[in-house]
Each structure stands twice: as structure tokens, then as C-alpha cells.
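Thanks for coming, everyone. I have one model to walk through today. Please bring it up on your screens.

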Amino acid sequence: MLIKIAKPSALRESDVTPESAYLSRRRFMVGMAGLGAGLALSGSLKASADYSDVPAGDAPPWLQEKISASHRRAVVPHDPEKDRIAPFGDASGYNNFYEFGTGKSAPARRAGSLDTEPWSLVVDGEVNKGGRIALEDLVSPSRFEERIYRLRCVEAWSMVIPWLGIPLAEVIKRAEPTSKARYVRFETLVDPEQMPGQRSAFSLIPWPYVEGLRLDEAMHPLTILALGMYGRELPNQNGAPLRLVVPWKYGFKSIKSIVRISLVEQQPVNSWQRIAPDEYGFYANVNPQVDHPRWSQATERRLPNSLFRPNTIDTLMFNGYADEVAELYAGMDLRKHY
Ligand code: MTE
């Protein structure tokens, strides 16, 4: 099956990224076949990407090497007018990361001191090859890919972000799930000393922040583990050193600073579902027809915007990735499974 970008004929390179020509039309598709040998995408990210306005990061050498050798394999947003890549300053300055506070600017102000090197994760549960593994070793067999995705927050704002990462499916396959594995559960770091939001008496979230996916969602080629964005490593406020990105789901599924990936039999209860089950579900697929109980999900504010240029656009089913993912939910009542 090919994962095809909707209406590729309507796209021009300049529509997708104003500042560079790092995408070409033949890279407008990413496919399951393409994740193997089928789709030849030439060149490394370094060779053509222009992120000259993006502040240099401070990635350890192993990560820098992986980033430099990235494939440019983009999933390109569908609407040439509206799907412009957000400036780096917006993507790294307007965040949700409750471990560092609830305000949108708090993560950028407070997450800088999070120590992400070295970092290790536990892969466990229904797997034959589990255990603690250094991040470097977890990702070393995979080549990084650049994926340009829309990120649609349940709060009705969105941005287009160029991520760098690896398909989650590759990590799961290497862990060798047993026949009992039906879901994947993720946990964020708990470290109140480094994460002031976890020290707050007003915090709503029972730490750790938890998320989950059905196994077929986790294995879908659009689902990635990101270690970078805009041609560099992730800033801490965006979930360094490793976060999930599931572009057809509301942003809260994209859990940050992951320390545990568990293959499990039972559907996990995610953090927002635990706090407000009437408002946030397990699936959290972007769906303009199912409103949040307190606001409409029919439209979104595409950032950056301003008072004079609200930049309100229609929200698309599955965030515009319906051709790729709708079949995962065939026969399901998406009002019930919100
Ligand atoms: N992961 C953790 N651990 N803690 C959080 O508070 N917020 C989520 C998600 N991942 C969150 C998290 C929400 S609500 C959104 S919209 C996205 O991160 C925001 O990602 P961004 O800040 O990179 O745009």
C-alpha cells in the first residue's frame, strides 16, 4: 500500500517550504513499500536542507551523526496555502509539556536544564527481547527520516513541523512482541527535581504522563519516534531526547521524553483519559465531526497567527491523513471511540 499525499498535483515546492528546495515532487510520497527498498530517495538531509535560521543544537556526536545521515522522506501537508512549516521559534516556544508547567511558554523557559544525555529506556512487557537499552542503541539500526507533519492539538491549534526520527514499527519489531501483545504503552520520565510541574501541588496529572496506542496504530508507517526537528535534535521543550509523533491523532497522544515502552495485553489508560474520561478518549483521532464537550473541533488556528490574521482553517478528518489511516478504524463508531 502506498501512503500517498492527498492532491500531490496541487503542490509546488515553494508551497511547502518557503525557505528551501529540500523537497522535490518525487519525494512527495512515502509508502510502506518505500520503507523498504521500493522508494529511492537520494541524498542526505544535510546535503540540501536549509535550516539556516534555526539555532544550532548541542546534540551528542552519535545523534549528530544520525541526523546528518537522515533520509529526506517527507509526508507533505496537503494544502499549499495553509500548510506552511511553522517557524522554529513558534514550534519551540509555544508548547504543552505539563512536567514544566501549564503555560505555553513555561516549557521553553524551564525545560532547558533537563539532562537528556545519557538517556536510556526500558522496553518490556509482552516481548521476547526486552530490557533497559541506551537510546543510542535503540535507534542505531534505523536510519533517521524527515517527516513533515501537521500537529493538531485537542485545544484547536495546529502547526506544521518537520520531524526527524525513526518508524516506531522498527523498534517494536526488534523487541519481538509475543502473540499476547495488543497495545503499546508509553511513559514519560518522572523526576520532580528536574521537572518543576511534577512538584506542583496544583498538578492535575498523576505522574508519569502515560499514553497508549493499539499495536496496529503503533506499527503504522506514519507513526514515528522523533529525536529531532528542523534538521537538529529536539529542544527539551519539544520532548527531548525522544518523543512519539502520531500525526492523525490529537497532540496529547504524542508523549514526550519517553523512558518506557511496554507491549501489553490490555488497553492502557492514558493520562488525559484518566483525568477527564468524558472529554478525552483512548483513540483521540482528529475528527471535526466529534466536538470536545466544551468547544468545537470543526476548525483550528493554524500557527503562527495573530489577532489580525487569525488563520482559522477547517479541521480535516484524521488531520488530513484519512487515505492512510481510515482503514484502521473500519466499522468502528468514532463517536463512541473518541
Ligand atoms: N507529553 C508529556 N510528557 N507531557 C505533556 O504535557 N503534552 C501533549 C504532548 N505530549 C504533553 C506531552 C500535548 S497536549 C501536546 S498538544 C503536544 O505534546 C505538544 O507538543 P509540542 O509542544 O511539541 O507542540
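Ground rules. This is a predicted model, where local features need pLDDT of at least 70 and side-chain atom pairs count only at pLDDT 80 or more, while totals for chains, interfaces and linings use all residues. Residues are numbered from 1 along each chain as its sequence is written, and side-chain values use heavy atoms, with hydrogens and water left out.

The overview. The protein chain has 10 helices and 15 strands. These are DSSP runs numbered from the N terminus: helices are H or I with at least four residues, strands are E with at least two. The chain has 338 residues, and 55% of them count as buried. Buried means under 20% relative accessible area, exposed means over 50%, and partly exposed is in between, with a 1.4 Å probe and protein chains only. The accessible surface of the protein chain is about 14200 Å², and carbon and sulfur atoms hold 52% of that. Areas come from the Shrake-Rupley method with a 1.4 Å probe; for residues, only the protein chains shown count as cover. Now contacts, meaning heavy atoms within 4.5 Å. Among those in the protein chain with a separation of 6 or more, 72% link residues 24 or more positions apart.

On to the ligand. Where does the ligand sit? In the largest pocket. A pocket is defined on a 1 Å grid over the protein atoms alone, as an open set of points where a 1.4 Å probe fits, with protein on both sides within 12 Å along at least five of seven lines. A molecule sits there if more than half of its atoms lie within 2 Å of the grid points. There are 17 residues around the ligand, and Asn95, Tyr98, Glu99, Arg243 and Lys256 come nearest. Being near takes one heavy atom within 4 Å. An N or O atom in the Glu99 side chain is 2.8 Å from a ligand nitrogen. For the Thr188 side chain, the distance to a ligand nitrogen is 2.9 Å. The Lys256 side chain has an N or O atom 2.7 Å from a ligand oxygen. On its own the ligand has 530 Å² of accessible area, and the protein covers 99% of that.

Arg152 is in strand E6, residues 145–152. Arg302 is in strand E14, residues 299–302. They are 150 residues apart in sequence, yet 8.8 Å apart in space, C-alpha to C-alpha. Are they buried or exposed? Arg152 is buried, at 0% relative accessible area. Arg302 is buried too, at 2%.

Now their polar contacts. Those are pairs of N or O atoms within 3.5 Å; within protein, one must be able to donate a hydrogen and the other to accept it, and residues adjacent in sequence count only if both atoms are side-chain atoms. The Arg152 side chain pairs with the side chain of Gln297 at 2.9 Å. It also pairs with the Glu300 side chain at 3.0 Å. Arg302 reaches the Glu300 side chain as well, at 3.3 Å. With the Asp83 side chain, Arg302 makes a polar contact of 2.6 Å.

Then Glu233, in strand E11, residues 232–233. Glu233 is buried, at 11%. The Glu233 side chain reaches the backbone nitrogen of Asp58 at 2.5 Å. The backbone nitrogen of Ala59 is 3.2 Å from a polar atom of that side chain.

Last, the backbone. Most residues other than glycine have a negative phi, and most peptide bonds are trans. Which peptide bonds are cis here? One runs from Glu117 to Pro118, with omega near 5 degrees. Another runs from Leu303 to Pro304, with omega near 0 degrees. Pro304 is in the loop between E14 and strand E15, residues 312–314.

Asn311 is in the loop between E14 and E15 too. Its phi is positive, near 55 degrees. Asn311 is partly exposed, at 23%. Ala284 also has a positive phi, about 50 degrees. Ala284 is buried, at 3%.

That's the tour. Over to you.

Note on methods:
On a 1 Å grid over the protein atoms alone, a cavity is a set of points where a 1.4 Å probe fits but cannot get out, and a pocket is an open set with protein on both sides within 12 Å along at least five of seven lines; lining residues have an atom within 4 Å of a point.
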